[in-house]
Amino acid sequence: MIGLRGHLDPEELDSVEDATEDALVRWTGPLAFDLREVGFCDSSLLNHLLRTARRRRVGVFGGDGTVRRLFELTGADRLLPSRPDLESLRPALSTLPRQARP
């Protein structure tokens, strides 16, 4: 699980990318991103999550209405499982097909 917090825009994305790369190296299973403490995110985080999903199964949990709305408006909610909490996300991640590596 990768916990994110605060306002996430392109300036803050470097630390998210570093944490994601570290998790991809250390862990072979699906990645869950905790968005419970994210107050704002824009398309830069969304693009990061979609790029990561090309390499590994990815899901998100938490996130306020603004974050969920971004996922809905862009159609990302159909590509990235989103649930209210980690426990309800686990089954959704296990049923996704494994993504091919680029």
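Tutor: What follows covers the core and a helix pair. This is a predicted model, where local features need pLDDT of at least 70, side-chain atom pairs count only at pLDDT 80 or more, and totals for chains, interfaces and linings use all residues. Residues are numbered from 1 along each chain as its sequence is written, and side-chain values use heavy atoms, without hydrogens and water.

A nonpolar core here is a set of buried Ala, Val, Leu, Ile, Met, Phe, Trp, Tyr and Cys residues joined through side-chain atoms within 4.5 Å. Buried means under 20% relative accessible area, with a 1.4 Å probe and protein chains only. The largest such core has 23 residues. Leu4, Phe33, Leu35, Leu45, Leu49 and Phe71 touch the most other members. Two or more residues each come from β1 (2–8), α1 (13–26), β2 (31–41), α2 (43–53), β3 (58–61) and α3 (65–74). Helices (H or I, at least four residues) and strands (E, at least two) are DSSP runs, numbered from the N terminus. β2 gives the most, five residues. A second, separate core has five residues, including Ala32, Phe61, Leu89 and Leu93.

Now Phe33. Beyond its neighbours within four places in sequence, Phe33 is in contact (heavy atoms within 4.5 Å) with Ile2, Leu4, Thr20, His48, Leu49, Val58, Gly59, Val60 and Phe61.

Next, the helix pair. α1 and α2 pack at about 15°, axes 11 Å apart; axes are lines fitted to C-alpha atoms over the stretch in contact, and angles run from 0 to 180 degrees between N-to-C directions. So α1 is roughly parallel to α2, the word for angles under 35 degrees. Leu13, Val16, Glu17, Thr20 and Leu24 of α1 meet Ser44, Leu45, His48, Arg51 and Thr52 of α2.

Notes. Buried means under 20% relative accessible area, exposed over 50%, partly exposed in between (1.4 Å probe, protein chains only). Angles under 35 degrees count as roughly parallel, over 145 as roughly antiparallel, 65 to 115 as roughly perpendicular and the rest as oblique.
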